[in-house]
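Visitor: I'd like to learn how to read the ring contacts in a protein model. Could you walk me through it?

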Amino acid sequence: MGHQETNIKRFSTAAWVAAISPASASAFALSTSAPPGTNFKLSGFTLQLPTGSSGNVDTITGSQLAGGYTNSTYFYTDKTDGSMVMADAKNGWSTSGSLHSRTELREDAIWPSTSGTNVLSATVAVTKVPSHTTIGQIFQGTGPSKPLCELQFTSGGVVQLLLESTNQGGSSTTTQIASVSLGTKFSYSMQLQGSKITVKVGSTTKTFTMDSSFVGESFYFKAGDYDQTAGNTGGDFTVGTIVKFYALGITH
C-alpha cells in the first residue's frame, strides 16, 4: 500500500476549497455528455493512471482535467447516469514503492495542521471488484510516504477502514464500517480533526484515534479506484475494477 508521492503543492485554504468543491449545486445533477471535469471541479487534483512505465505512471494535471480530459478505458463519464468512472487495470504500472496500479485522484494541496476540520466526502458505487479496492485515503504529505488510513470496498460488499498502526506503515488494523451490495450507490466521508478520525458510511459513523507517530505530519486526501489486488508489472491493462463517483468534495 505504501508508495512514493511527489510534487505535492501547497495552497491557501480558500484556493483549494474552491478548486475541489463539487461543480453542481445538486450532487446528482450530472450531465451524461460532459467530461468529468465539467461535472466535477477537479482543478485541485492530479489524476494518477495505471499506464506509463514502472515507477513513472501517467498523470493528468488539474488544468487538464478541468479542460475536459477523458480516457475511454480508465477515466470517463458514464453515458447512462453522468457518473465519473474510474477503472483500474488488472496489472498496470504503479508509482514508486507501490505494489498496485491505480486510477486515483490526489489532492494537490497538503494541509500542515489537523487542528481544523478536514473532510473528504463522496457518493460512489463500486460495480466491479475482484477482491477489495481503496476508494478514499488520508495520506501523509510529509514524513514517510505512507497512508494514515484507507477506506476500502470488498467484493463481499463490506466497506472497511484500514488504519495504519504507525506512520512507517507495514502494520495495520481493519475495521468493518458498513455493508453495501456491489453496484449500490452509497455516500461516505472521512474526517481528520486533531488525532480523531471519523468515518461515515451511509448512516453509520465510527471514530478512530490516530497513532501518536503521525502527530506533526501533514496530510492530503485521495479518492478513486486503487485495487489492492492489481499488479504493477504492466502485464494486463484490461479493466479489473470499476468505481463510479456521483459526488466528490473536500472541505478544510
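Guide: Let's begin with a term: buried means under 20% relative accessible area, exposed over 50%, and partly exposed in between, using a 1.4 Å probe and protein chains only. At 0% relative accessibility, Phe139 counts as buried. This is a predicted model, where local features need pLDDT of at least 70, side-chain atom pairs count only at pLDDT 80 or more, and totals for chains, interfaces and linings use all residues. Residues are numbered from 1 along each chain as its sequence is written, and side-chain values use heavy atoms, leaving out hydrogens and water.

Visitor: How many aromatic pairs does a search of the whole structure find?

Guide: Rings of Phe, Tyr and Trp (its six-membered ring) pair if their centres lie within 6.5 Å; planes under 30 degrees apart count as stacked, over 60 as edge-to-face, and the rest as tilted. Here the search finds seven aromatic pairs. One of them is stacked: Tyr69 and Phe75, 6.3 Å centre to centre with 25 degrees between the planes. Phe139 and Tyr220 are tilted, because their centres are 5.5 Å apart and their planes at 40 degrees.

Visitor: Which strands hold Phe139 and Tyr220?

Guide: Strands (E, at least two residues) are DSSP runs, numbered from the N terminus. Phe139 is in β7 (residues 132-140) and Tyr220 in β14 (residues 219-227), so their pair ties together parts 81 residues apart in sequence. Tyr220 is buried too, at 1%.

Visitor: What lies over the face of Phe139?

Guide: A charge sits over a ring if NZ of Lys or CZ of Arg is within 6 Å of the ring centre and within 35 degrees of the ring normal. For Phe139 that's Lys222, at 5.8 Å from the ring centre.

Conventions: Helices (H or I, at least four residues) and strands (E, at least two) are DSSP runs, numbered from the N terminus.
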